[in-house]
Amino acid sequence: MSRSALVENVMAMLEDAGFLVSDRCAIRPKSFDIAARRGEDVLLLKILGNIDAFDAQTGGEMRRLGTYLNATPIVIGLRTRDEELKPGVVYFRHGVPVLSPDTAMDLFVEEVPPLIYAAPGGLYVNIDSEILADVRENRDWSLGRLAKELGVSRRTVSKYEDGMDASVEVAAELEDLFDAPLTSPVSVLDGAEEVRDDEPTPDDPDVAPEDEPIVTVFTRIGFEVHPTDRAPFKSVNESDDQHGQVLAGHSAFTETAEKRARIMSSVGEVTRTRSVYVVDELRQESVEGTALIEKEEMENIEDAIDLRDLIMERGEDREEVA
């Protein structure tokens with residue numbers, strides 16, 4: 001299957017599952033391919049045939065964007081260099097959960113979350129430690145008795161009851177011994193933080209010199225600016241008050257800039273953010289809801305209210321953000 005066909009299939013699957021799905025981010029470089037929202041669940045998805053192509057820089061960017069936009073970064077892929085991705089298993093690359101299309105279908109359409117995750121050494125599951133302790137005590141088994149049945153040390157059983165995860169084989173043996181479900185799902189939509197490696201999110205990239213005047217304006221009027229280096233927008237700008245978040249781009253108004261502005265509007269609709277594109281010379285007022293502002297005009301903005309009013313006036317062809 002081509003990557004383009006895979007992206008289309010994933011988009012159709014998400015729409016069938018009731019997600020609002022953004023346009024495809026078809027401009028390079030790009031940290032994610034699509035954004036999607038269902039209720040309060042927001043996803044940023046990278047879709048790859050071979051997940052070995054997912055590098056650390058892209059992973060770091062997706063995790064930063066997930067933090068700023070209150071979204072879960074996810075990779076959907078078919079295989080690694082060595083093997084196909086197994087259904088029902090969550091993998092990880094650079095701190096981002098990775099799912100096969102079948103696993104994504106189960107999670108988003110059937111609403112059946114995966115139980116297994118891959119980590120160095122094999123496949124593992126979350127053991128519900130409280131249930132394990134209860135069923136062992138109800139059977140009047142000591143830690144030592146259970147350890148003997150499993151062929152492990154007493155200390156290992158104690159760790160299971162303290163919250164340590166178990167291999168798939170041990171979990172299956174435990175459930176057979178006690179004839180009870182003892183595993184709990186992997187919380188993919190929360191980033192699977194309970195099982196993934198604690199990989200620190202890299203700092204924001206440096207601001208490009210040509211964007212510094214725009215960043216200065218956002219900072220001066222009370223926004224916290226988060227630059228990007230692989231997104232269709234140059235920065236995510238956050239305000240602590242009612243002005244919310246603004247996605248911002250900046251360049252001459254070329255055909256590529258127009259495409260970026262269109263993608264920004266679509267992503268903004270999904271993530272419930274406004275978008276603005278600063279251009280050197282104003283030829284039109286908006287692109288499908290992304291407000292266009294001339295650079296000199298931007299530099300003369302005095303406060304966040306002026307910016308908000310200008311964005312809403314020029315981006316009026318897009319529905320109000322909920």
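Guide: With contacts: two residues touch when they have heavy atoms within 4.5 Å of each other. Keep in mind that this is a predicted model.

Visitor: Which residues does Ser266 touch, leaving aside those up to four places away in sequence?

Guide: Ser266 touches Ser22 and Asp23. Ser266 itself belongs to helix H9, residues 255-271.

Visitor: Is Ser266 buried or exposed?

Guide: Buried means under 20% relative accessible area. Ser266 has a relative accessible area of 10%, so it is buried.

Visitor: Next, salt bridges. What is the general idea?

Guide: Side chains of opposite charge can pair when their charged atoms come close. The cut-off is a side-chain nitrogen of Lys or Arg within 4 Å of a carboxyl oxygen of Asp or Glu.

Visitor: How many salt bridges does a search of the whole structure find?

Guide: The search finds 19 salt bridges. One of them joins the side chains of Asp33 and Lys30, with 3.3 Å from N to O. Both Asp33 and Lys30 are buried.

Visitor: Which residue forms a salt bridge with Asp52?

Guide: Arg93 does, and the closest N and O atoms of the pair are 3.6 Å apart. Asp52 sits in the loop between strand E3 (41-50) and helix H2 (56-68), while Arg93 is in strand E5 (residues 89-93), so the bridge ties together parts that are 41 residues apart in sequence.

Visitor: How accessible are Asp52 and Arg93?

Guide: Asp52 has 34% relative accessibility, so it counts as partly exposed. Arg93, at 23%, also counts as partly exposed.

Visitor: Which residue pairs with Lys234 in a salt bridge?

Guide: Lys234 pairs with Asp211, and their closest N and O atoms are 3.0 Å apart. The two residues link distant parts of the chain, 23 residues apart: Lys234 lies in the loop between strand E11 (224-227) and strand E12 (235-238), and Asp211 in the loop between E10 and H8. Lys234 counts as partly exposed, at 31% relative accessibility, whereas Asp211 counts as buried, at 9%.

Visitor: What about charged residues that form a surface patch?

Guide: For a patch, take residues with over 30% relative accessible area and no salt bridge, and join like charges within 9 Å. Here Asp41, Asp190, Glu193 and Glu194 form a negative surface patch.

Visitor: Where is Asp190 found, and is it buried or exposed?

Guide: Asp190 is in the loop between strand E10 (183-184) and helix H8 (212-220). Its relative accessible area is 57%, so Asp190 is exposed.

Visitor: Last, the backbone. What should I look for in phi?

Guide: Most residues other than glycine have a negative phi. Glu111 has a positive phi of about 60 degrees, although it is not a glycine. Another case is Glu288, also not a glycine, with a positive phi of about 50 degrees.

Visitor: Where do Glu111 and Glu288 lie?

Guide: Glu111 lies in the loop between helix H3 (101-108) and strand E7 (116-119). Glu288 is in the loop between strand E15 (286-287) and strand E16 (290-294).

Visitor: How accessible are Glu111 and Glu288?

Guide: Glu111 is exposed, with a relative accessible area of 55%. Glu288 has 46% relative accessibility, so it counts as partly exposed.

Methods:
Residues numbered from 1 in each chain as written. Predicted model: local features only at pLDDT ≥ 70, side-chain atom pairs only at ≥ 80, totals over all residues. Heavy atoms only, no water. Patch = residues over 30% accessible without salt bridge, like charges linked within 9 Å, V, L, I, M, F, W, Y side chains within 5 Å. Areas by Shrake-Rupley, 256 points an atom, 1.4 Å probe, with all protein chains shown as cover. Lys, Arg positive; Asp, Glu negative; His and termini not counted. Charge placed at Lys NZ, Arg CZ, Asp CG, Glu CD. Helix = DSSP H or I, 4+ residues; strand = E, 2+ residues; numbered from the N terminus. Buried < 20%, exposed > 50% of the residue type's maximum accessible area, 1.4 Å probe, protein only.
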